[in-house]
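Here is a short briefing to read alongside the sequence and the model. It starts with the place where the chains meet and then moves on to single residues.

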Amino acid sequence: MATEALGWWGVPLGILAGTLRGSAPFLFVSLGECLTEKSGKINLGLEGTLLMGAMSAYGISYLTQGFVGEFWAPWLGVLAAGIAGMFLGSIHGWLAQQPRVNDVAVGIAMIIFGSGLAFFLGKPFIQPQAPQLFTLQFGAWSSNPAVQSALKISPLFLIGVAIAPLMQWFFRATRWGLYIRAVGDSPEAARAMGISIFKVRFLSIVAGSFLAGIGGACLSLYYPGVWTERISSGQGLMAVALVIFARWNPIQCLWASLLFGGAQAIGPAFQSVGINAYYYLFNAAPYILTLLIMIVTCSPKRTLVGAPGSLGKGD
Amino acid sequence: MTIAFPAGASWLSRWRRPLESVLLPIAALVVALLIFGIFCALSGANPLAVYGSIYRAAFGSWSAWQNTLIRAAPLMLTALCTALPARLGLVIIGNEGALVIGGLCAVVMGLSVGATLPPFMGQMAMAIAAIVGGGVWIMLAGALRHYRGVNETISSLLLNYIAIAVMNHLVEGPMRDAEFVTKPSSAELSEALWMGTIPGSRIHYGLIYGLIACVLAYVLIQRTTFGFAARTTGGNLRAARIAGLPVGKLTLAVCFLGGSCAGLAGMIEVAAVQKRINESLVSNYGYAGILVAFVSRHNPLATILVAVLLGGILASGGILQRSHDLPDATVLVFQGIVFLCVLFSDSLYGRLPWFQEKPVV
């Protein structure tokens, strides 16, 4: 990052740039997890979904660039990432609803399976360079290259920002939104209404995994824009904590994602001005932040405001 | 519950229920092997040859057995970190973090005692430091659960990342050995503190630690009042409260014990394998331990068996890459398939008519 010319101003600029870049995957994964948890099931396996999405997006973008050109290939990749997410989501959605199967355990299994599959199939794509998604240049007004590069915003990020209020409206004002909330809050009432709990939860998990897969595409086709086995450092898991922090509200998921993206950018921003001493501890900032938020907001006496009633229960 | 069997009832009807808990996991493993075979065939490798390679690399010879057992030792211990709290109804997945903190505490202790103590005492000091470090680390997750209602699965998972960051920070900064250039690491442990091998083999004493820990854990959970109280709490929290069981103390104690096992695994890895601490300590033994715990259905004795099996699978990772041209992630895919099949088999308990006792009216 060319922040030398800016001196100390490079730190806030670096954090801003990192927030805009790094919050896109958080946004998609947390919206996906929010949709899933509203129906009363937890999907801890989104970490695997994210990796699988990142790998599929990168691989498809690389393989199809010769056929559809450098502009459309990454978009096919985004689609492939979503489909890969739906594939993993359908396994989770089916297995986690079998009797006596713990959804948390299925989530851990799906992390192992999803990341294993992503590393297995993604091995040939570690070296080559795949075409990336185009970015919108919001920094063209500035002559400073650091500002310009900080304000390169991905259209995927903007799509994610648009999905948040849409999902809010979906939960509040549509028939299907009501079904999901009913199944999540009170499965008995939903059953009495004649709603198929299995179907609603299955579809919520699959749709949530679709969004998480696209979150993976943000990682490999936008920022950091490569495919490596270490591309996701627990973002899929942090989404679970993020949704708790956002109180199962899609709009608040957006703010929480920006906060987490920013926290993730602190370490690299300080490193860019030559402060390396606490690099690893700054990098752990999002995890520490999540833990502190949970300590402050949780209580053993009551369930959280906004929590779906049947979340974490056996039913 | 007593069910009267007529005198002529075959031994089979008496053993159908116990058989269920043995045959179902085995069936799950066989199905997992079949699915994995299809997966191998799709990626262009001959499934039978792959099975053969896994068997030879894992259990085919004394040398293979030694490789397997070396890997099984830390797995037994990290599995207990999930299995013990699971009996209390908690899903703890902070194994990797507790292992790292345990290794870190052991190295700090080892570097500070150096060669001043007799080797046995020095190693014991390291083990105790690791047990306390790992135990307190997971006890933190248990305390957050009990006093603040924080979901223990997520907090223990976040603690993994924090533990790894703390370790990286220390080996890059305050603890760094400037003379060791290949990767940022601490100074090497004094040779007196290296863990020896069982005579006649390459297997280090960590295996004995693992076996003892599993047997002790089994006795504690199944044969003591403490274990009974823990299982009662895991079975029905409200009933346990009404019966006056000290749920808070039980939570803290069981989490401490679980974490201390994973911490001990960290000490074994640094004292027997790495000899110093650096990023190589983070080698997925923690996450594999979660798998072992769930596959063994949180039974500490079954843990020994499953850890040996998984140790064998891990030991075969290299050979799959060399002789079948499969990526090293193949082992991870296999683990995932096994885990999913075993979880599905859990849902079949009591649903297969053959396994039901048939009391004669």
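In this predicted model, the contact between the chains takes 46 residues from chain A and 48 residues from chain B, where contact means heavy atoms within 4.5 Å. About 3,800 Å² is buried between chain A and chain B, with carbon and sulfur atoms giving 79% of that area. Buried area here is the accessible area (1.4 Å probe) that two parts lose on being put together, summed over both.

A word on conventions: residues are numbered from 1 along each chain as its sequence is written, and chains are lettered from A and ligands numbered from 1 in the order in which they are written. Local features need pLDDT of at least 70, side-chain atom pairs count only at pLDDT 80 or more, totals for chains, interfaces and linings use all residues, and side-chain values use heavy atoms, with hydrogens and water left out.

**The A–B interface**

- Chain A's touching side divides into 35 nonpolar, eight polar and three charged residues; Ala, Val, Leu, Ile, Met, Phe, Trp, Tyr, Cys and Pro count as nonpolar, Asp, Glu, Lys and Arg as charged, and the others, Gly among them, as polar.
- Helix 3 (103-122) is one of the chain A helices that each supply at least two residues of this side, and helix 3 gives the largest share, 13 residues. Helices (H or I, at least four residues) and strands (E, at least two) are DSSP runs, numbered from the N terminus.
- Of the area that chain A buries against chain B, A:Ile112, A:Phe120 and A:Tyr280 supply 19%, more than any other three residues.
- Five residue pairs, both at pLDDT 80 or more, are in polar contact between chain A and chain B. A polar contact is a pair of N or O atoms within 3.5 Å; within protein, one must be able to donate a hydrogen and the other to accept it, and residues adjacent in sequence count only if both atoms are side-chain atoms.

**Salt bridges**

- There are six salt bridges over all chains, and two salt bridges are counted between chain A and chain B. The term covers a side-chain nitrogen of Lys or Arg within 4 Å of a carboxyl oxygen of Asp or Glu.
- A:Lys123 and B:Asp328 meet through their side chains in a salt bridge (3.7 Å, N to O). B:Asp328 lies in the loop between helix 13 (317-324) and helix 14 (330-346) of chain B, and A:Lys123 in the loop between helix 3 and strand 1 (136-137) of chain A, so the pair joins two chains.
- B:Asp328 is partly exposed at 41% relative accessibility, and A:Lys123 is partly exposed at 35%. Buried means under 20% relative accessible area, exposed over 50%, partly exposed in between (1.4 Å probe, protein chains only).
- Within chain B, B:Glu152 and B:Arg145 form a salt bridge (2.8 Å, N to O); B:Glu152 is buried at 5%, while B:Arg145 is partly exposed at 35%.
- B:Arg297 pairs with B:Asp346, their closest N and O atoms being 3.2 Å apart in a salt bridge. This pair links distant parts of the chain, 49 residues apart, with B:Asp346 in helix 14 of chain B.
- B:Asp346 is buried at 14%. Salt bridges that share partners also join B:Asp177, B:Glu188 and B:Arg276 into one network.

**Backbone features**

- B:Arg297 has a positive phi near 55 degrees without being a glycine; B:Arg297 sits in the loop between helix 11 and helix 12 of chain B and is partly exposed at 39% relative accessibility.
- B:Lys275, also not a glycine, has a positive phi of about 70 degrees. B:Lys275 lies in the loop between helix 10 (247-274) and helix 11 (285-295) of chain B and is buried at 17%.
- A:Tyr223 and A:Pro224 are joined by a cis peptide bond with omega about 5 degrees, and A:Pro224 is in the loop between helix 8 (197-221) and helix 9 of chain A.

**Buried residues**

- The largest nonpolar core has 201 residues, and A:Trp227, B:Met267 and B:Ile277 have the most contacts inside it. Such a core is a set of buried Ala, Val, Leu, Ile, Met, Phe, Trp, Tyr and Cys residues joined through side-chain atoms within 4.5 Å.
- B:Thr303, in helix 12 (residues 300-315) of chain B, is buried at 0% relative accessibility. Its contacts beyond four places in sequence include B:Met76 and B:Cys214.
- A:Ser23 belongs to helix 1 (residues 10-38) of chain A and is buried at 1%. The side chain of A:Ser23 reaches the backbone oxygen of A:Thr19 at 2.5 Å.
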